[in-house]
Amino acid sequence: CVLEAVGSSPVGFSQLAMSSATGTVTIHQPLNYRAGARVHPADGGPAEEVYEPATGRVICKVLCSGEKEVDLAVQSAKVAFKIWSQMSGMERSRVLLEAARIIREQKEEIATMETINNGKSIFEARVDIDISWQCLEYYAGLAGSLAGEHIQLPGGSFGYTRREPLGVCVGIGAWNYPFQIACWKSAPALACGNAMVFKPSPFTPVSVVKLAEIFTEAGVPKGLFNVVQGGAATGQFLCHHPDVAKISFTGSVPTGMKIMEMAAKGIKPVTLELGGKSPLIIFSDCALENAVNGALMANFLTQGEVCCNGTRVFVERKILDVFTKEVVKRTQKIKIGDPLLEDTRMGALINRAHLDRVQGFIKQAKEQGAEVLCGGDLYVPDDPKLKNGYYMRPCVLGNCTDDMTCVKEEIFGPVMSILPFDTEEEAVERANATKFGLAGGVFTRDIQKAHRVVAALKAGMCFINNYNLSPVELPFGGYKASGFGRENGRAAIEYYSQLKTVCVEMGDVESVF
């Protein structure tokens with residue numbers, strides 16, 4: 001990828017952190033990656049504009065991949081798979097460790113590009129990149145330990161199982177964590193011996209190509225990790241391709257349903273990481289300051305564009321007023337603006353259409369009787385180069401009820417809904433009254449109550465006295481409409497490998513015929 005600072009000569013990606021600033025980067029090189037090199041797609045639809053959320057500038061135009069390009073990427077992955085799948089786990093481990101080292105070494109420039117393309121603060125982007133290399137290190141550690149088991153059978157016979165890779169896996173990423181999601185999907189896939197073709201969101205096509213280059217530099221066979229660009233049509237070509245063995249998707253529920261339908265026609269396993277409307281339950285015996293911190297973390301990371309956010313904040317009535325007052329005070333102090341500045345804590349939403357959608361939810365909430373306690377309006381930074389960026393003030397809604405649209409539907413923006421409750425049983429029942437089941441959180445000093453409540457929550461990821469921590473060692477995934485399958489932890493190995501059973505008879509076969 002060649003990035004050009006306006007008014008200067010072209011610079012390479014590795015120089016990005018030293019040369020770029022908000023509103024200066026333009027990308028000229030191809031964003032597809034196949035057989036170990038950046039390429040223009042062999043076919044496809046018209047180019048689509050990609051924006052810098054902080055300024056509203058077009059930073060590049062991405063060419064969508066057509067059926068021919070998708071096939072070339074899959075065939076390239078098939079060739080590399082034959083080599084990679086025959087390597088030992090320890091050999092694969094060394095390559096993944098080297099990729100992790102390179103990411104760690106280039107953390108600043110990768111984080112900067114992520115911020116430019118996604119709009120989140122550089123502070124958060126650095127955390128994302130740290131989680132990314134940690135993910136590769138974790139699965140590098142597991143790669144050499146993958147094994148089946150030996151089972152003794154009567155008469156000296158025995159059986160054993162082999163854990164084998166699936167083949168060419170497809171990863172389809174989301175725009176809120178572009179680089180991190182690509183690592184979450186590729187690390188366990190490659191550790192198990194698979195190849196991958198990855199399609200990022202057309203809104204954030206840039207950073208995953210850097211990951212592809214890092215894998216090649218680290219020593220994977222050329223073609224093991226390929227990148228195709230595009231929207232729904234490109235995704236359909238991937239899902240229908242007969243040589244694709246598995247699909248892992250992160251995104252919306254409607255798109256997840258369509259992917260599941262397409263995968264069913266080829267009997268392909270899928271992992272779906274979909275939406276959420278997660279509950280955060282604040283009991284009166286909580287440590288108040290910690291609970292307020294948790295509520296902010298559960299709602300305003302990445303401008304609220306996080307699937308597992310705890311956006312339904314249930315607060316025990318005894319502390320409703322004091323909790324709400326403190327949350328509003330803290331929310332109003334959040335520094336909004338240029339995401340590349342060190343003290344910025346909230347950047348820009350991904351694009352104008354999404355900003356308008358979030359604003360529409362707030363308008364509807366007011367019409368349905370909710371009270372805007374702070375924020376919710378558009379924000380225009382003082383810096384003139386940011387005037388066309390997609391900013392809004394983080395919003396806290398009071399006087400909310402369970403039947404309001406803002407409480408039922410995923411907003412995917414910086415909007416917190418506060419709802420009072422009186423009893424533990426009531427809080428749990430209302431928390432579970434949703435089609436989603438991605439996450440849930442509890443704040444209380446009573447550890448028995450905490451464990452009792454999370455045991456009753458119908459959610460795949462639960463937090464006690466914290467929120468939105470996602471260590472790579474722990475499985476991540478949801479219940480109900482939030483999807484199925486798991487990413488991270490040892491659990492992901494189950495979704496990127498398959499078991500073969502071998503039965504060995506030491507005597508003669510006894511025929512019943």
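**View 1. The second largest pocket and its lining.** By class, 17 nonpolar, seven polar and seven charged residues line the second largest pocket. Ala, Val, Leu, Ile, Met, Phe, Trp, Tyr, Cys and Pro count as nonpolar, Asp, Glu, Lys and Arg as charged, and the others, Gly among them, as polar. The model is predicted: local features need pLDDT of at least 70, side-chain atom pairs count only at pLDDT 80 or more, and totals for chains, interfaces and linings use all residues. Residues are numbered from 1 along each chain as its sequence is written, and side-chain values use heavy atoms, with hydrogens and water left out. The second largest pocket holds about 800 Å³ of space. Its lining counts 31 residues, and Glu124, Tyr177, Met297, Leu301 and Asn468 lie nearest the centre. Helices H5 (122-143), H6 (178-191) and H10 (288-300) each give two or more residues to this lining. H5 gives the most, with five residues. A pocket is an open set of points on a 1 Å grid over the protein atoms alone, where a 1.4 Å probe fits, with protein on both sides within 12 Å along at least five of seven lines; lining residues have an atom within 4 Å of a point. Grid points are joined across faces, edges and corners, and a volume is the space filled by probe spheres set on the points. Helices (H or I, at least four residues) and strands (E, at least two) are DSSP runs, numbered from the N terminus.

**View 2. The largest pocket.** About 930 Å³ of space lies here. The largest pocket has 37 lining residues; Trp175, Phe249, Gly251, Ser252 and Thr255 lie nearest its centre. Helix H8 (232-240), strand S13 (244-250), helix H9 (253-265) and helix H12 (352-367) each supply at least two residues of the lining. H9 provides the largest share, six residues. The lining divides into 18 nonpolar, twelve polar and seven charged residues.

**View 3. Helix H3 against helix H7.** H3 (residues 89-105) and H7 (residues 207-218) pack at about 130 degrees, with axes 8 Å apart. Axes are lines fitted to C-alpha atoms, for helices over the stretch in contact, and angles run from 0 to 180 degrees between N-to-C directions. H3 and H7 are therefore oblique to each other. Angles under 35 degrees count as roughly parallel, over 145 as roughly antiparallel, 65 to 115 as roughly perpendicular and the rest as oblique. H3 passes H7 in a right-handed crossing. A crossing is right-handed if the near helix is turned clockwise from the far one by less than a right angle, and left-handed if anticlockwise. Val95, Leu96, Glu98, Ala99, Ile102 and Ile103 of H3 meet Leu211, Ile214, Phe215, Glu217 and Ala218 of H7. This contact (heavy atoms within 4.5 Å) has nine nonpolar, no polar and two charged residues.

**View 4. Helix H6 against helix H7.** The two axes come within 9 Å and cross at roughly 35 degrees. The crossing of H6 and H7 is right-handed. Pro178, Phe179, Ala182, Cys183, Ser186 and Leu190 of H6 touch Ser207, Val208, Leu211 and Phe215 of H7. Eight of these residues are nonpolar, two are polar and none is charged.

**View 5. Helix H3 against helix H5.** H3 and H5 pack at about 165 degrees, with their axes 8 Å apart. That makes H3 roughly antiparallel to H5. Their crossing is left-handed. The H3 side of the contact includes Gly89, Ser93, Leu96 and Arg104; the H5 side includes Ile129, Trp133, Glu137 and Tyr139. By class, the contact has eleven nonpolar, three polar and two charged residues.
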